[in-house]
Amino acid sequence: MAEVSAQMVKQLREMTGAGFNECRTALAESAGDLTKAVEYLRKKGAATAAKKSGRVANDGIVQTYMHHNGRLGVIVEVNSETDFVARNEQFRQFAKDLALHIANAAPRYIRREDIPQEIIEKERRIQLERTLAEGKSEAVAAKIVDGRMNKWYEEIVLMEQPWFFDDSKKVSEVLTDLIAEIKENIVVRRFARFELGEGVADEAAE
């Protein structure tokens, strides 16, 4: 087993925000390789989140964000299992950051499974017609459409969007890391985003 120095642990903590003992264990299990240690912590966090995902989360916070000019606002409900975590500064900061993320990224759904099937089918038809019009064969077009659909999901699904504050992570990964650290199930329950004048042009056209 590789020797793990205090400097290595410090560096990994700065990279991941994980605790001292967790970082030391990750480095020991990864033979001192920082990249592998980060992956070890991420997998451990995902496993922890999966174990807690079935637990009821009915406490939490309703967080708001209002753009300084009053033209854009967001309301988001983030649930925790206990009021103790609901008062936790790290939990509250996540809710604030999430509201700001929603304001900037403008997601339409929280998870992929929240999208009505008819909307998915309509988008897939549009992408297929577009791809075939580019001269691609049906066999090739199917693979291209899958890629374009994944890109579409990243644009409209909150959990699949790159995190506004660190685009190397998706929102779902940030949430998983938080669950692993706080050790409670956390659920983004619902959100609403309001932008002044949004939809007015469409109504006028009708």
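Student: Which residue just after α2 takes a positive phi?

Tutor: That residue is A31, with a phi of about 55°; helices (H or I, at least four residues) and strands (E, at least two) are DSSP runs numbered from the N terminus. Please bear in mind that this is a predicted model, in which local features need pLDDT of at least 70 and side-chain atom pairs count only at pLDDT 80 or more, while totals for chains, interfaces and linings use all residues. Residues are numbered from 1 along each chain as its sequence is written, and side-chain values use heavy atoms, with hydrogens and water left out.

Student: In what order do the three strands of the open sheet lie?

Tutor: Strands of a sheet pair through backbone hydrogen bonds, either parallel or antiparallel. Here the order is β1-β2-β5 with antiparallel pairing, where a pair needs at least two DSSP bridges. β1 (59–66) and β5 (186–195) stand at the edges with a single partner strand each, so one side of each has no neighbour in the sheet. Strand β2 (residues 72–80) is joined to β5 by nine bridges, and I75 has A192 of β5 as its bridge partner.

Student: At what angle do the axes of α5 and α8 cross?

Tutor: Two packed helices are described by the angle between their axes and the distance between the axes. The axes of α5 (residues 89–105) and α8 (residues 171–182) cross at roughly 170° and come within 11 Å, which makes α5 roughly antiparallel to α8, a term for angles over 145 degrees. Contact (heavy atoms within 4.5 Å) involves F91, F94 and L98 among the α5 residues, and V174, L175 and L178 among those of α8.

Student: Which residues touch the most other members of the largest nonpolar core?

Tutor: A nonpolar core is a set of buried Ala, Val, Leu, Ile, Met, Phe, Trp, Tyr and Cys residues joined through side-chain atoms within 4.5 Å. Of the 26 residues in the largest one, V76, V78, F94, L98, L158, I186 and V188 touch the most other members, and α5 gives the most to this core, with seven residues. V188 touches V76, F94, L98, L158 and L175, among others, residues up to four places away in sequence not being counted.

Methods: Axes are lines fitted to C-alpha atoms, for helices over the stretch in contact, and angles run from 0 to 180 degrees between N-to-C directions. Angles under 35 degrees count as roughly parallel, over 145 as roughly antiparallel, 65 to 115 as roughly perpendicular and the rest as oblique. Buried means under 20% relative accessible area, exposed over 50%, partly exposed in between (1.4 Å probe, protein chains only).
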